[in-house]
Amino acid sequence: MKNIKIAPSILSANFAKMGEEVRSLEQCGADLVHCDVMDGVFVNNITFGIKMVEDLRKITTLPLDCHLMIVHPEKYVERFAKAGADIITVHWEACQDNLKEVLMLIKSTGVKCGAVINPDTPVEKIKDVILLCDMVLVMSVFPGFGGQKFIPSALDKLREIRKIIDESGKEIDLQIDGGVTAENVAEIKAAGANVIVAGSAVFKAEDRAEMIQKLKE
Ligand code: DX5
Ligand code: ZN
């Protein structure tokens, strides 16, 4: 069985208490902190950026998994890396023909890199770069907001990518993001995801530690 990692998304945290929220995730057994960076252009919402990553870096040892939902991510990669990001993921929809170049730029900063596809983008678009990635992220909602419903066609994409990864023999993480709950997590893992993002499921849970444990086992 693959090593399952849980990456709570701080999009669902209380932004006015972010330090406490991240410390609580650490105590509750989270494996990564998923940081949803949104620019109001690539998606219809605005969150936070480099300064948040820089400040969180000082208060947690958990890896900071930075999901960039921004246009021209290449402009900011070096600053996110310098701020303390451990993983930077960029969308095919934002980079298109430059995706490989942007992934290489991320790698050149010493940070792990990942490619992301939206629910309406086929795996085909990233086929050439999958094996260059440290992580591949399949969106199971259209990015922009937490608390949306899981789109089941993501499961087929997970299976398709998992097959490519396993056949290569490389250690590449496969992440799912959007609408994950305690109810659907088993089929998501069975489809091949090993890094599970969960925003509302963790932050709305009465007991965060128990929810993280549930998602993991
Ligand atoms: C959506 C974000 C997700 C979001 C997930 O644009 O990329 O990371 O926070 O939230 P839930 O788990 O509530 O769907
Ligand atoms: Zn995300």
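**Pocket, cavity and ligand**

User: The largest pocket is lined by K2, N3, R162, I165, D166, G169, K170, E171, I172, D173 and N194. What makes these the lining residues?

Analyst: Each has an atom within 4 Å of a pocket point on a 1 Å grid over the protein atoms alone, so it counts as lining. This is a predicted model where local features need pLDDT of at least 70 and side-chain atom pairs pLDDT 80 or more, while totals for chains, interfaces and linings use all residues, and side-chain values use heavy atoms, without hydrogens and water. Residues are numbered from 1 along each chain as written, with chains lettered from A and ligands numbered from 1 in written order.

User: Which helix gives the largest share of that lining?

Analyst: That's α6, residues 154-168, with three residues. By class, the pocket lining has two nonpolar, three polar and six charged residues. About 180 Å³ of space lies in this pocket.

User: Why is the other space called a cavity, not a pocket?

Analyst: In a cavity a 1.4 Å probe fits but cannot get out, whereas a pocket is an open set with protein on both sides within 12 Å along at least five of seven lines. Searching the whole structure turns up one cavity of 30 Å³ or more. The largest cavity has a volume of about 200 Å³, and 24 residues line it, with F145, G146, D177, G178 and G179 nearest its centre. Elements giving two or more residues to that lining are β2, β3, β8 and α8 (200-203). Its classes come out as 11 nonpolar, 11 polar and two charged.

User: What takes up the largest cavity?

Analyst: Ligand 1 does. To sit there, more than half of its atoms must lie within 2 Å of the grid points.

User: How do you know that D36 makes a polar contact with ligand 1?

Analyst: A polar side-chain atom of D36 lies 2.7 Å from a ligand oxygen. A polar contact is a pair of N or O atoms within 3.5 Å, so this pair qualifies. Taken alone, ligand 1 exposes 380 Å², and the protein buries 100% of that (Shrake-Rupley, 1.4 Å probe).

User: How many residues surround ligand 1?

Analyst: There are 20, and the closest are D36, G144, D177, G199 and S200. Strand β2 gives the most to this shell, three residues. The shell holds eight nonpolar, 10 polar and two charged residues.

Technical notes: Near = heavy atom within 4 Å. Polar contact = N/O pair within 3.5 Å; in protein donor to acceptor, adjacent residues only side chain to side chain. Helix = DSSP H or I, 4+ residues; strand = E, 2+ residues; numbered from the N terminus. Nonpolar A, V, L, I, M, F, W, Y, C, P; charged D, E, K, R; others polar. Points joined across faces, edges and corners; volume = space filled by probe spheres on them.
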